[in-house]
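Welcome, and thank you for taking a look at this one with us. Please have the sequence and the 3D view open side by side, and keep them handy as you read.

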Amino acid sequence: MLGSLSIVIPTYHRNDNLSILVSFLMNELDSQSSFRTIELIVLDNGSPEKFDAPRPISKGSTYRYISTEMTLSADINILKSYEAATSDWVYVIGDSKIPVQGFIEKISSDINQYKAKIFIYQDQS
């Protein structure tokens, strides 16, 4: 079992997309067994409406909502994703992207297979 993983979602004013993505991610968290802990972070870029997680986070995981006081550029918000993460590994995903089912296990498999410190995943859809 690996240490910890941060899944960070930089977002701005897209609560409908975010709700779908976070629900998907919570289902993935329920079924994963590769990481000791996973933190799910929504990094809101000053949206007028705040976002609440649709249900309690799964056991062994945490949820944080971070909102900036003012709207920053998208690039800065993405960079802040890495600052917000506190885990051994960081996975940043756009608020309108749904990863493939089992992606957490895929990340774990890649870490174990390649022993690299940095992975960049590209959306294949």
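Which strands do the buried residues of H2 pack against? They pack against E1, E2, E3 and E4. Please keep in mind that this is a predicted model.

**Helix H2**

- Helix H2 covers residues 74–84, and its buried residues are Asn77, Ser81 and Ala84.
- Looking down the axis of H2, you will find these buried residues within an arc of 75°, so they line one face of the helix.
- Asp75, Leu79 and Glu83 are exposed on the other side of H2.

**Helix H3**

- Twelve residues, 103–114, make up helix H3, which reaches 16 Å from its first C-alpha to its last. That is close to the 16 Å expected at 1.5 Å a residue.
- The buried residues of H3 are Phe103, Ile104, Ile107, Ser108, Asp110 and Ile111.
- Viewed down the axis of H3, the buried residues fall within an arc of 160°, so they line one face of this helix.
- Partners for the buried residues of H3 are strand E1 (2–11), helix H1 (15–31), strand E2 (35–44) and strand E4 (89–92).
- Just after H3 comes Lys115, which takes a positive phi of about 55°.

**Helix H1**

- H1 has 17 residues and reaches 24 Å from its first C-alpha to its last, close to the 24 Å expected at 1.5 Å a residue.
- Leu18, Leu21, Val22, Phe24, Leu25, Met26, Glu28 and Leu29 are buried in H1.
- The buried residues of H1 pack against E1, E2, H3 and strand E3 (61–67).

**Gln32, in a loop**

- Look for Gln32 in the loop between H1 and E2.
- Why does Gln32 count as buried? Its relative accessible area is 16%, and buried means under 20%.
- The side chain of Gln32 reaches the backbone nitrogen of Ser34 at 2.8 Å.
- Leaving aside residues up to four places away in sequence, Gln32 touches Ile38, Ile104 and Glu105.

**The nonpolar cores**

- The largest nonpolar core has 23 residues, and those with the most contacts inside it are Ile7, Ile9 and Phe35.
- E1, H1, E2, E4 and H3 are the elements that give two or more residues to this core.
- H1 provides the largest share of this core, with seven residues.
- Apart from this core lies another, of five residues, among them Val8, Ile41, Ala84 and Ala85.
- Ile7 has contacts with residues including Leu25, Leu29, Ile38, Tyr91, Phe103 and Ile104, not counting residues up to four places away in sequence.

**The aromatic pair**

- How many aromatic pairs does the structure hold? It holds one.
- The rings of Tyr91 and Phe103 have their centres 5.1 Å apart and their planes at 40°, so the pair is tilted.
- This pair links distant parts of the chain, with Tyr91 in strand E4 and Phe103 in helix H3, twelve residues apart.
- Are Tyr91 and Phe103 buried or exposed? Both Tyr91 and Phe103 are buried.

Terms used
Residues numbered from 1 in each chain as written. Predicted model: local features only at pLDDT ≥ 70, side-chain atom pairs only at ≥ 80, totals over all residues. Heavy atoms only, no water. Helix = DSSP H or I, 4+ residues; strand = E, 2+ residues; numbered from the N terminus. Expected span 1.5 Å × (residues − 1). Buried < 20%, exposed > 50% of the residue type's maximum accessible area, 1.4 Å probe, protein only. Arc of directions from axis to C-beta. Contact = heavy atoms within 4.5 Å. Polar contact = N/O pair within 3.5 Å; in protein donor to acceptor, adjacent residues only side chain to side chain. Core = buried A, V, L, I, M, F, W, Y, C linked by side-chain atoms within 4.5 Å. Phe/Tyr/Trp six-rings, centres within 6.5 Å; stacked < 30°, edge-to-face > 60°.
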